[in-house]
Amino acid sequence: MIRRLYSLVFIRDILNRKVLLGFKKRGFGKFKWNGLGGKVHSDESIIDGARREAKEEACVELENLKYVGYLEFQFEYDMNDIMATHVFCADEYSGEIAETEEIRPQWFDYDKVPFDKMWKDDKFWFHYILSNKLFKGFFLFQSDQETITHYELNEVDKL
Ligand code: 6OG
């Protein structure tokens, strides 16, 4: 079994109850809304990978990242591979959020998150992002990347 490390970052505007999502214009998860993030490089920590991706994808610099969740994704087309995804939240940023070649960022009200245009697992755990709870999950997808065959999801005390 190969576990590949990924980061996934959600920037929140707590005061206005909004969350920043990015519309992925290319690559894995193309045409879906998701947090910022991507593969962690072998020469960086997971949190540094999360910071780098936020900068590359939406031009923002993040200082205080909170580690909030751990998700494993597996697809039936390759049962040897697990995407080990570490999920972070950030409530402050510097720089100006901007569109890049990969991502079109946009703020969404907490109650208008576009689950029908996101990965199918997101609607199961997204409430944790909005309520400051820690979570762990596993999702097995069929090869179509749309159908969840099996999942486990738990709120946890620590990660
Ligand atoms: P790049 O290929 O862009 O990294 N990711 C998922 N995110 C959600 N919400 N659900 C999934 O369900 C996901 N599978 C992967 C992890 C891919 C990015 O997409 C996330 C990374 O942030 C299957 O380098």
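This is a predicted model: local features need pLDDT of at least 70, side-chain atom pairs count only at pLDDT 80 or more; totals for chains, interfaces and linings use all residues.
User: How much of the chain is helix and how much is strand over residues 1-134?

Analyst: Over that stretch, the end C-alpha atoms sit 26 Å apart. As for secondary structure, the chain there is 17% helix and 40% strand.

User: Which strand gives the largest share of the shell around the ligand?

Analyst: Two strands, β1 (2-13) and β5 (78-90), each put in at least two residues. The largest share is three residues, and they come from β1.

User: Which residues come nearest to the ligand, of the 17 around it?

Analyst: By class, the shell has seven nonpolar, seven polar and three charged residues. Of the 17, the ones that come nearest are Phe28, Gly37, Gly38, Phe73 and Trp119.

User: Is lysine 136 buried, exposed or partly exposed?

Analyst: Lysine 136 belongs to strand β7 (residues 134-141). Buried takes 20 or more other C-beta atoms within 10 Å, and exposed takes 12 or fewer. Lysine 136 has 17 of them within 10 Å, so it comes out as partly exposed.

User: Which residues does lysine 136 touch, not counting those up to four places away in sequence?

Analyst: Leucine 65 is 71 residues away along the chain, and its C-alpha atom is separated from that of lysine 136 by 17 Å. A contact needs C-beta atoms within 7 Å. On that basis, lysine 136 touches Gly69, Tyr70, Asn154 and Val156.

How values were computed:
Residues are numbered from 1 along each chain as its sequence is written. Helices (H or I, at least four residues) and strands (E, at least two) are DSSP runs, numbered from the N terminus. A residue is near a molecule or strand if its C-beta atom, placed from the backbone, lies within 6 Å of it. Ala, Val, Leu, Ile, Met, Phe, Trp, Tyr, Cys and Pro count as nonpolar, Asp, Glu, Lys and Arg as charged, and the others, Gly among them, as polar. Two residues are in contact if their C-beta atoms, placed from the backbone, lie within 7 Å.
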